[in-house]
Amino acid sequence: MARRRNKKQKRPLSDGTFRPNSAAGKAGKRRPRKDRPLKPRTVRITALLTGLLVPLLVVGLMVLGANPDYSLPCAVAAVIVFIAGLGGLMALRTTGWVLWPGVVLGIALLVLPMRAFQAEVIAHRGVRTDVVVTWAHSAKDKRGVVSWTCGIRHADGTPLPHGEYSGSGCDGPSDAGRSTVVLADPEGYVPPVAADYDLSFVGLGVYAVAGAGALWGLLTLAAARRTPRKPS
């Protein structure tokens, strides 16, 4: 095949010189993300914020969310903090081995505090209260199991803070107008529960939350200790 005349020809090199390989040069300059060392101060600050601040914020937000008035915004904020915490873990240890333990512990920190706090409040401040069921609504989960939620008022007709509950005495529309007994917080911070509410989570829930937070801190410390660092 004839050589194209308009093709640009490379200028010949003088004797003893070699043309550098541009691809090899670029590859030599780039370092894999997981091998990039971080400054010791960056590692310390990231580990402190991730290991200490994240569990405190998540637990605090979920405890505050035990009040139905704040449950939605607090849950959204807690999830955002949790995602930021996972980002901090991955920044400390980019190989990814901390991801799944972090996800499991983060879910525990999102789920356990609210139930534990509600159980503690009901156990220490719950008062048996006579109420009247005013309405009943059903809901069906993915497995097809139907659960009922009932609206309640005091026996004298006065409203009850967060006047909804599920459980014993709330079994369907036929319960509307009937009297029943619930455990209610006089301060109205947590919603009422059925009189036979399972309080076995009291105490155990607090230890479970503390254990999940401690394990998160240890996971962060382990990730920080194995993080490559720039020499000072």
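**A sheet, its edge pocket and a buried alanine**

Strand β4 (residues 179-184) is joined to β5 by 2 bridges, and the two run antiparallel. Strands here are DSSP runs of E with at least two residues, helices are runs of H or I with at least four, and both are numbered from the N terminus; two strands pair if DSSP finds at least two bridges between them. Within this pair, Val182 has Ala194 of β5 as its bridge partner.

Before we go on, note that this is a predicted model, where local features need pLDDT of at least 70 and side-chain atom pairs count only at pLDDT 80 or more, while totals for chains, interfaces and linings use all residues. Residues are numbered from 1 along each chain as its sequence is written, and side-chain values use heavy atoms, without hydrogens and water.

Now step back to the whole sheet. It is open, has 5 strands in the order β3-β2-β1-β4-β5, and pairs antiparallel. β3 and β5 stand at the edges with a single partner strand each, so one side of each has no neighbour in the sheet.

β3 gives the largest share, 3 residues.

Finally, turn to Ala223, which lies in helix α5 (residues 204-225). Ala223 counts as buried because its relative accessibility is 0% (buried is under 20% relative accessible area, exposed over 50%, partly exposed in between, with a 1.4 Å probe and protein chains only). Leaving aside residues up to four places away in sequence, Ala223 touches Leu92, Arg93, Trp97 and Val98, where contact means heavy atoms within 4.5 Å.
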